Amino acid sequence: MSAHTHVEGQLPHEPEKATLEGRNKVLGFWLFLGGETVLFGTLFAAYLSLRDQVLEGPTANHLFDLMLVAIATAILLTSSLTSVFAIQAMHQKNVKSLIGWLIVTVVLGASFLGLEIYEFYHYVHEGHGFTTSAFSSSFYTLVGFHGAHVLFGIVWITLLIIQLSRKGLNVVTAPKVYVAGMYWHFIDVVWVFIFTVVYLMGKVV
Amino acid sequence: MAHAHAVKRYSGLMDWLTTVDHKKIGILYLIAGGFFFLVGGLEAILIRIQLWAPQNDFVGADTYNELITMHGTTMIFLAAMPLLFAFMNAVVPLQIGARDVAFPFVNSLGFWTFFFGGLLLNVSWIVGDVPDAGWTAYAPLAGTTYSNDHGMDYYVLGLQIAGIGTLIGGINFLVTIINMRAPGMTFMRMPLFTWTAFITSALILFAFPALTVGLAALMFDRLFSANFFDPTAGGNAVLWEHIFWIFGHPEVYILILPAFGIISEVISTFSRKRLFGYSSMVFATILIGFLGFMVWAHHMFTTGLGPVANALFSIATMLIAVPTGIKIFNWLFTMWGGSIKFTSANLYAVGFVPTFVMGGVTGVMLASAPADFQYHDTYFVVAHFHYVIVGGLVLGIFAGLHYWWPKMFGRVLNETLGKITFWTFFIGFHLTFFIQHFLGLLGMPRRIWQYLDGIGFNEMNMISTVGALLMGVGTILFLMNVVVTMAKPKNASADPWEDGRTLEWTIPSPPPEYNFAQTPLVRGYDAYWKEKMEGHKGMTPAEPIGPIHMPSPSILPFFMGVGLFVAGFGFMYAPDWGHIGALKTGHFIGIIGLATTLLCMVLRSMIDDHGFHIEEDEILKDLGGKA
C-alpha cells in the first residue's frame, strides 16, 4: 500500500518512520511499553505489600550488597547510552558503527545479567530461596521478570545484529532497531525503579 | 528491489489456518467465540437444572462448583471477549476506510493464542480436573492447600495464554485506529462503534497486564511453591483480590463499551437519524473508560478496607452512572422523531435500553457500601451482573450479529426467525434473572448448590430455570437461522438495510480481500449518509485505481499457539510425569513448547515478508462483476 517513495538506493532521513509499517511498529511499541508499565507497576505493588514478610529468612537489609548492585546499575545505564549511540549511527546511516554499538550494548547487557545471576546464586546460599517467604517470592518475581526482559532483549538485539550484517540498513530493518532501542531504554528505566524501591529502600531499616 | 510478488495463496482449511485477513479472522473469532458461548450456555442450563427444586441432586456439589467456575470464566474470557473481537475485526477497518489492521500477522497470532488458551482451559473437562474456585479464583481457595488437583492450573495457564491474545489484539486495534484512518476520517468523524472499540482497546492495554501478573503469581504459588497468596508463609490473600479486580473491573467496561457502540450504530441506522449527541457519546465513553479504573474496590466492600476506602470507591462507582445515563438519553433522543424500522437487529437494540437501565439501577444500589453489606454474595448480585452482561452485552452482540451478518457473510439473516428468536431470548432472559433480585433480597446466597425446602425459594427458582431453558431455545433458534441462511444464495447487496450510514456499507457484502478498491475520501460524520443526502451514489475516491499491496498468509501464528498450549501442559503435569535424565518430563515438554513459539518468533523476524500485490486488472474485474 505505502509505496516507498524514497530514491532507490538512498535511505530517507528517519528510516524508521519512512513507511506506514514502520510508523505502525513504533506507535504499537510505545503502546506495548504502556502495558509493560502496568505489568511492572503491579509487580512493584505486590513486592511492596509483601517485602516485610521475611519469616525466618534473611531481611533485605542483611541481604543486599549495594556495591554489587551499584556496579550492575552502572553497567546497565551505560548500555542505555551505547544504544543511543547505535540509534545515532543509524540516523547517520553508518551501518558499521550501528552494529558496533549494538554489540557493545549486548555485551553490557550480558554482563549485567551475569552479575544478577551471581547475585541470585549468592542469595540462595544465604538462605534466601524462591520459596523461603513471601518477601523472597515477590523479590525474585519482580527482579526476575526484569532479568528475563534483559535476556529477551539480548537475544533480540543479537538477532538484529545478524540481520543488519546480512541485509544492511533499510526501511524494514530500521524500525526494528529503533523499537529494540526503545525496549532497551524501558528496561533501564524499570531497573532505576528496582534499584530505588528494592535495593535502596531495602537498606532503610 | 526485484522481489517476486508471487505468493502462495492457500485455499480450504490451510486458508483459514494461515489467514491474516481481518475479515476472515473476524469469522474465526465468531466461530470460536460462538462455540464457547454454547459450552458456557450448556453449563448455565446444568446449573439451573440443579437449582430447579430444593435439595436436588442432579449434579454433585463438586461438579456444581466446577460448573459455576467454568460458566463464568468461559462466558467472560472465551465467549464475550472473542465475540466482540469478531465485530472489531469484521467492522472497524471497514468503518475507518482501511484495507487491513495495522499488524495483520499479530492479529492472527492474537486469535490463535486466544483459541489455544481457551482450548487448554476446556480440556480440563475431558481430563476431569476442572477449575472449581469460582471465576474470581480467590486465594487461598485457589491455592494448592484447598485446590490440590490440576483444576486451577488449567485456569491459570489457560487464561494466561488467552490473555496474551487479547492484549496484542488490543494494541493492534489502537494502532489501526490511530494510524490507518482514510483521508478525512478525523477522530470526531469516526462511527461510534469504532470509538468504543478504541476505548475498549485502551482499557485492555492497561488492565490485562495486571491480570498477567496476578495469574503469574498464582501460577508460581501453585507450580513452584511461591508464597504470594499463602498467609501461613507471609503471603496476602487480599492482594489477589486487589490485583484481580484492578483488572476485573475495567474488564466489565471492556465488555460493555463495544456493546454500547453496536447499539448506537443500530439505533441510528434504523431510526434513520444521526446519532443524537454524538460528541457527548464520545466523551461519555472516554469518561466511563477512565472511571472504570477507579472503582475496583467496590467488589471488596465486605473485605474490610475501612469506611474511608469504601466511601471513596462508593462515590466513584456512583459517578459512572452519569456518563452511562447520558448514553441512555442519547439513544432515546435518537429514536425520538425518527422513522423507526423494527428489524430484528433493532429489536435487540431497543430491548437493550430498558434492560440495561435495570442493570444500571441495581448497580447504583450495590454501589452504596452499607447497602452492599446486605446484598453481598446473594442472588441480588447475580441478577445485577447478568442484567448488565446478558441484558447489555449479549443483546448487543445479537443486535450486531443481525446487523452485520450480511456484511460478514453476504447473506441477510431470516427476519421472521430473527424476531421469534428475539422474543424467546428476551422473555427467557427476564424470566430467569428478574426473579433472582427477589431471591437475593430474601437471602438466597449465590454459589450454593442446594437450598432447603420451605424457606420460600422453591417457586422462584423454578421460574428462573424455566427462563433459562427458554434462553436455550432462543439460542437454538438463532443457530437454525444461521443454518437456514447459509443454505440461501449469497446475494446481499452492499447496503442491504438501505439506510447504511457508515463506510462499511459502501463496499460489496462480503467485501473483497482488499476492502476498498480505492480509499474513500471522508467528508463528514456518517460519511456514506452524507454522500447519499447530497445525491451521490457512492464515496469520492481519494486515490486512483492501482495495484494494492497485501500481506502474505502465514502458518507461524498457529504454531505459536500450539507451542504455548503444549508448554502449558508440560509445566502443569511436571510433578506427575516422572523424569528424563535430570529433567522432569513435564518441564522438558514445556521447554519444547516454549522453544517452538520462540523459534516461530525468530523465523518471523529473520524472514522478510514482502507480501504480494493485487493487480489493477483483478480489481477492475471485481468492480465490473459486482456492478
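Let me start with helix 14 and helix 15 of chain B. Their axes lie 7 Å apart, and the packing angle is about 160°. Anything over 145 degrees counts as roughly antiparallel. Helix 14 of chain B and helix 15 of chain B are therefore roughly antiparallel to each other. The crossing of helix 14 and helix 15 of chain B is left-handed. Keep in mind that this is a predicted model.

Stay with this pair. What do helix 14 and helix 15 of chain B give two or more residues to? A nonpolar patch on the surface, made of B:Trp52, B:Trp423, B:Ile427, B:Leu431, B:Met462, B:Ile463 and B:Val466. Together these residues have about 600 Å² of accessible area. Helix 14 spans 415-441 and helix 15 spans 458-486, both in chain B.

Where does B:Trp52 sit? In a loop of chain B, between helix 2, residues 22-50, and helix 3, residues 61-95. B:Trp52 has a relative accessibility of 36%, so B:Trp52 counts as partly exposed.

Helix 8 covers residues 278-291, and helix 10 covers residues 321-335. These two helices of chain B pack at an angle of about 150°, with axes 9 Å apart. That makes helix 8 of chain B roughly antiparallel to helix 10 of chain B.

How values were computed:
Residues are numbered from 1 along each chain as its sequence is written. Chains are lettered from A and ligands numbered from 1 in the order in which they are written. This is a predicted model: local features need pLDDT of at least 70, side-chain atom pairs count only at pLDDT 80 or more; totals for chains, interfaces and linings use all residues. Side-chain values use heavy atoms; hydrogens and water are left out. Patches are made of residues with over 30% relative accessible area and no salt bridge: like charges are joined within 9 Å, nonpolar side chains (Val, Leu, Ile, Met, Phe, Trp, Tyr) within 5 Å. Accessible areas come from the Shrake-Rupley method with a 1.4 Å probe; for residues, only the protein chains shown count as cover. A salt bridge is a side-chain nitrogen of Lys or Arg within 4 Å of a carboxyl oxygen of Asp or Glu. Helices (H or I, at least four residues) and strands (E, at least two) are DSSP runs, numbered from the N terminus. Buried means under 20% relative accessible area, exposed over 50%, partly exposed in between (1.4 Å probe, protein chains only). Axes are lines fitted to C-alpha atoms, for helices over the stretch in contact, and angles run from 0 to 180 degrees between N-to-C directions. Angles under 35 degrees count as roughly parallel, over 145 as roughly antiparallel, 65 to 115 as roughly perpendicular and the rest as oblique. A crossing is left-handed if the near helix is turned anticlockwise from the far one by less than a right angle, and right-handed if clockwise.
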